[in-house]
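Trainee: Could we go through this model step by step? I would like to start with the backbone and finish with the contact between the chains.

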Amino acid sequence: MTTALRRYPVLVALCLAALFMVLPFLIVAVNAFKSPAEYSQHGPLSLPGGFYVDGLKDFWQRVDYSQKLLNSVLISGCVAVLAAVLSILNAYAIGIGRIKGRTWVLAFFVLANVLPQEALVYPLYYLSKQVGLYDTRLSVIIVFTVIQSAFGTYLLSSVLGQFPREIIEAARIDGANRWQVLWRIVVPVSRPTIGVLLVFFFIWTWNEFLLPLVMLISNDNQTVSVALGVLQGQRLMDATMTNAAALLGVLPALVFFLVFQRTLTRGIAVGAVK
Amino acid sequence: MTVTVERGARAVGRQPHTGPRRPRTSYALFLLPGVLTFLVVVVVPFLMNTGVSFTEWSGVGSPKWSGLANYRELMDDGEFWASFRHSLFMVVAMAVVPTVVGLVLAAALFDYIGKHFGTKTAAVLRACFYLPQVLPIAVAGIVWSWILAPDNGALNALLKAIGLGSWQQDWLGDPDIALYSVMGVMVWVQIGFPLVVFMAGLQRVDPQLYEAAELDGAGWWRRFWHITLPQIRPEISVVLTWCTIAALKVFGAVYVLTKGGPGGATDVPSYFSFTTFFEKTQVGYGAAISTVLTVIILLLSLVGLRLQTRAEDAEEGVRA
């Protein structure tokens with residue numbers, strides 16, 4: 001068979017392409033452990049001679065990375081949970097309640113989902129200053145809870161639209177009210193989808209750049225993305241520092257990826273086809 | 001499949017409707033928190049932004065009504081047109097190329113690797129391609145701006161090491177090259193998304209179609225063209241729509257890699273509006289830029305939604 005002959009070249013080609021995709025990560029990992037002297041002498045392609053961690057430590061202290069991580073975890077975690085709750089409430093009314101005008105409400109959420117943040121950023125900046133929320137983590141949490149819930153509402157509504165009605169009717173006959181039906185039946189049964197939403201909201205919020213960049217100016221409130229992006233934008237970092245920054249920025253993403261890989265790939269497929 | 005189940009369930013659910021009715025909280029009440037926060041965070045700011053685009057305002061004091069002056073100025077603004085022209089390049093890098101390459105990669109992973117080397121191998125390879133998608137764009141920017149650095153960047157060092165020293169470039173600093181460098185980074189960032197969606201789509205294609213085609217002597221490319229492509233058309237239109245919208249919104253990558261430079265060579269509408277808002281503090285003008293961007297994106301999404309529903313209808317027609 002001709003296909004059998006072609007199998008291995010295809011495998012090799014795909015492996016090479018995959019290697020190209022992860023190569024930048026490898027290069028960063030190799031160079032983050034070189035001393036500045038070693039780097040300037042041997043360049044970026046040599047293997048590190050020792051295990052130089054002072055650059056990483058130095059960078060960690062200079063940007064107060066613990067604080068940045070804490071801010072990112074706090075903001076992303078709050079947004080994930082709150083946005084999931086908001087999505088569930090919306091989707092309950094649209095998908096199961098089938099309220100009047102639900103198509104319009106849903107269309108509204110879908111359009112909001114594609115709205116560029118540039119069209120919201122200045123008024124949000126201005127309004128948050130007016131109400132005293134400018135440069136607080138709370139402001140970013142509120143804004144992203146609402147923005148992320150637009151996608152959650154869209155996805156969960158179509159999932160809940162196919163929820164088996166017998167279960168709800170049975171609970172109703174047993175005397176459960178709508179609030180109890182939601183939390184004791186609909187939410188537990190939809191746990192897989194809600195899990196996907198939580199993971200997505202967390203990672204998306206972690207990666208957000210424009211709005212946090214505008215809203216969080218003081219060092220104590222900045223997220224990892226903003227702190228690293230601003231540092232890079234100032235063009236003040238030398239090669240070793242850039243590498244430390246890159247490695248420390250890559251690591252959390254890598255951890256999420258390894259932990260949530262299955263949820264992520266499954267979730268994207270669900271989200272795209274729905 | 002699921003549709004029939006749902007219909008059956010709904011028909012059953014309608015019947016027991018005779019018992020005494022208790023007062024119920026209306027379902028609309030559940031929508032209240034969502035709609036209220038939405039008004040405050042999205043609708044009101046959006047309307048404000050649109051309103052401000054018809055004024056002259058520096059962010060302090062009260063805006064001065066200027067009608068369509070900002071939009072008229074935009075029409076003659078070379079920077080504005082350049083930023084949208086660069087957006088088209090971003091669409092190529094983030095929607096067209098990833099979709100085409102993603103299709104071929106997904107089909108190859110599914111057909112060759114998944115079937116002959118096990119789904120595990122296919123999953124590992126897929127993970128490698130998807131990895132850049134979970135990286136914050138700011139971090140991806142740091143990684144690449146260091147790799148593409150002119151003096152001791154990894155790419156130039158690599159070119160020198162393999163004897164192509166004359167190919168070394170100031171990848172992000174040369175106005176003729178910078179845009180293509182940014183495009184290359186965006187392809188790397190984006191490719192995982194179409195790949196994952198297409199691989200999921202391929203799983204629902206009936207294998208009998210391929211077997212029949214293979215018996216008829218159709219080669220891989222013909223099967224790809226006549227079976228794979230038509231079968232996953234809904235996924236293709238979704239991916240193209242989403243990626244095009246994402247390409248028009250590109251901000252973080254440009255901010256971190258080039259700051260729109262050198263000399264505006266990589267400026268894009270979102271970055272242009274950002275600098276107009278916060279550096280030049282011409283808020284009215286910035287609002288006009290972002291309003292134009294919004295209108296274009298909304299139109300595109302409507303077209304995308306139409307394409308998607310039409311593709312799904314066509315697919316259902318085939319199945320029926």
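Mentor: Begin just after H4(A), where Arg98(A) has a positive phi of about 45 degrees. This is a predicted model; local features need pLDDT of at least 70, side-chain atom pairs count only at pLDDT 80 or more, and totals for chains, interfaces and linings use all residues. Residues are numbered from 1 along each chain as its sequence is written, while chains are lettered from A and ligands numbered from 1 in the order in which they are written.

Trainee: How far apart are the end C-alpha atoms of helix H4 of chain A?

Mentor: Helices (H or I, at least four residues) and strands (E, at least two) are DSSP runs, numbered from the N terminus. The expected span is 1.5 Å times one less than the number of residues. For the 32 residues of H4(A), residues 65-96, that should give 46 Å, and the end C-alpha atoms agree with it at 45 Å.

Trainee: How many helices and strands does chain A have?

Mentor: Read along the sequence, chain A follows the pattern α-α-α-α-α-α-α-α-α-α-α-α-α. Its secondary structure comes to 13 helices and zero strands.

Trainee: What is the radius of gyration of chain A?

Mentor: The radius is taken over C-alpha atoms, and the globule rule is 2.2 Å times the number of residues to the power 0.38. The C-alpha trace of chain A spans about 75 × 70 × 35 Å along its principal axes. A compact globule of 274 residues would come near 19 Å, but chain A has 23 Å.

Trainee: How far apart are the C-alpha centres of domain 1 and domain 2 of chain A?

Mentor: The bounds come from an automatic or database domain assignment. Domain 1 of chain A is 2-42 and domain 2 is 63-236. Their C-alpha centres lie 36 Å apart.

Trainee: Is Arg233(B) buried, partly exposed or exposed?

Mentor: A residue is buried if 20 or more other C-beta atoms lie within 10 Å of its own, exposed if 12 or fewer, and partly exposed in between; C-beta atoms are placed from the backbone. Arg233(B) lies in helix H12 of chain B. Arg233(B) has 18 other C-beta atoms within 10 Å, so it is partly exposed.

Trainee: How many residues of H12(B) are buried?

Mentor: Helix H12 of chain B, residues 233-249, has 17 residues and reaches 24 Å from its first C-alpha to its last. H12(B) is largely enclosed by the rest of the structure, because the buried residues number 15 of the 17.

Trainee: Which residues touch the most other members of the largest nonpolar core?

Mentor: A nonpolar core is a set of buried Ala, Val, Leu, Ile, Met, Phe, Trp, Tyr and Cys residues joined through C-beta atoms within 7 Å. This one has 165 residues, and those touching the most other members are Leu109(B) and Val139(B).

Trainee: Which helix gives the most to this core?

Mentor: The core draws at least three residues from each of domain 1 and domain 2 of chain A. The most, 15 residues, comes from residues 78-116 of chain B, helix H4.

Trainee: Which residue of chain A is in contact with Leu109(B)?

Mentor: Contact requires C-beta atoms, placed from the backbone, to lie within 7 Å. Leave aside neighbours within four places in sequence; the contacts of Leu109(B) then include Ala122(B), Met199(B) and, from chain A, Leu14(A).

Trainee: Which helix of chain A gives the largest share of the side that touches chain B?

Mentor: The contact takes 72 residues from chain A and 85 residues from chain B. The largest share of the chain A side is 16 residues, from residues 239-273, helix H13.

Conventions. Two residues are in contact if their C-beta atoms, placed from the backbone, lie within 7 Å.
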